[in-house]
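Me: I want to know how labels in a structure follow from numbers. Can we take them one by one?

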Amino acid sequence: MRRTLIPSRRAVVALTVFAVASACALVAGLPLAAVGMASAVLLAMGAAWAGLDLWRSEQAWRQSPLRIERTLPHALALGVPRVLSLTLVNEGRRSWQVAVFDEVDPKLEFQGLPQSVSVPAASRVDIHYTVTPRQRGIVHFGATQVRMQTLGGSFETLRQLGHAQSLHVYPNFAAVAGYAWLAGDRRLAQIGIKTYAQRGMGTDFKQLTDYKVGDPIRHIDWKATMRHGRPIVREFQDERDQCVIFLLDCGRRMRADEGTVSTDGSHFDQALNALMLMSYVALKDGDEVGAMTFGTAPGQQRHFAPRKGSSTLNALMARLHDIEPDATHSDYLLAAQDLLRVQHKRALVVLLTNFRDEDSAELQPALKLLRARHLVLVASLRERVLREVAEQAIEKPGQAIEVAGAHWFEQARRDAFRRVVGLDALSVDVEPGQLAVALVNRYHAVKRSGLL
């Protein structure tokens, strides 16, 4: 525990009054020696009082020290407010009036600090404050600072209690939770999901069940029907044991951030949200999910080998939660070659990037190489602000130029994207907020059509 002494406001006021009084005495013509002697005596008395006050306060603290207990969750979610608790424990016989401030990581916004509280003798006092993460990764909490006056009020003592702690900030799982809830109620259309697994679809046999109105006649199992004496049909499900690989661009293109207007975080944050949602859907359908990053600084590339199971999503996010895009060039061809070296089984490769016209020369050969073995879905992020500029009302002559420029840029980008992806109907070029739903719809389309 560290302690810092600060002169109290009362002490500063007393010294100020003393200095003004001494100056007035000199101005009034009193002898300098007499004023100096009186000042020295008063200062000595004040210092003695302050020393005695500090000694008594330290003795009181040793007899009734405060202890801090900080309660933290296992993890935080990006952009989601969370209430944290601090407990001041006083096991002594003296009460304290203190101001409390917790050392919060700069990556967190906070509300409710500092707080002034009274801690009675032999008691526990809880205080609460709210933090909102604004960046993924690891955040740190330092010691808790407790500020109090000495018993006589001559000093304010700043003490640091407790110890440092760390927490992981993960992407926001709200999209996954919302999908799971709506899927259970068959209301996925509310968030734009066009299809979901239905009875009788797919090609993998699941089970025999009683015939219901609307079931295809071709699915009737005649042997089972004769044996049970009632119509029995074969129920199918989408193909399982397939593989989905995310190829995540972490280069300079993915550093776009449209500021505080975008409540869901940067473009890269929303790309991770979309990755999570599609991973959840694929894992629920029994498929394997893996990921590989590219465009990172040398030695910073991350690879998550494809696997299935209920724990896969948490493991995948633990691997990717703290990664941030770098100011580096994204080499699409090298990324394709790296993926082909480690992924031999045919897979749905989802390339998450921010496409520009000048990337065509590198992206086209990379797609050709990947498509030789895998099914490729290019998912490119488009800036929302360009649409807003293009849709703005023209009230001044200068705005006409802005609108025309936004339309021209958007058209040039769409044309370049079509040239690169060709006739591929799977690929998407959407705003970040639309990416998650677009990917899930494309995944369902792949499963329905049996393209894998």
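Reply: Start with a definition: a crossing is left-handed if the near helix is turned anticlockwise from the far one by less than a right angle, and right-handed if clockwise. The crossing of H1 and H2 is right-handed. This is a predicted model: local features need pLDDT of at least 70, side-chain atom pairs count only at pLDDT 80 or more, and totals for chains, interfaces and linings use all residues. Residues are numbered from 1 along each chain as its sequence is written, and side-chain values use heavy atoms, without hydrogens and water.

Me: Why are H1 and H2 called roughly antiparallel?

Reply: Angles over 145 degrees count as roughly antiparallel. The axes of H1 (residues 9-27) and H2 (residues 32-63) cross at roughly 165° and come within 10 Å. H1 and H2 are therefore roughly antiparallel.

Me: Which residues of H1 and H2 meet?

Reply: Contact means heavy atoms within 4.5 Å. Leu-15, Phe-18, Ser-22, Ala-25 and Leu-26 in H1 meet Leu-32, Val-35, Ser-39, Leu-42 and Leu-43 in H2. Eight residues of this contact are nonpolar, two are polar and none is charged.

Me: How do you know that the span of H2 agrees with its 32 residues?

Reply: The expected span is 1.5 Å times one less than the number of residues. For H2 that gives 46 Å, and its end C-alpha atoms are 46 Å apart, so the two agree.

Me: What makes Ala-122 count as buried or exposed?

Reply: Buried means under 20% relative accessible area, exposed over 50%, partly exposed in between (1.4 Å probe, protein chains only). Ala-122 has 63% relative accessibility, so it counts as exposed. Ala-122 also has a positive phi of about 50°, although it is not a glycine.

Technical notes
Axes fitted to C-alpha atoms, helices over the stretch in contact; angles between N-to-C directions. Helix = DSSP H or I, 4+ residues; strand = E, 2+ residues; numbered from the N terminus. Parallel < 35°, antiparallel > 145°, perpendicular 65-115°, else oblique. Nonpolar A, V, L, I, M, F, W, Y, C, P; charged D, E, K, R; others polar.
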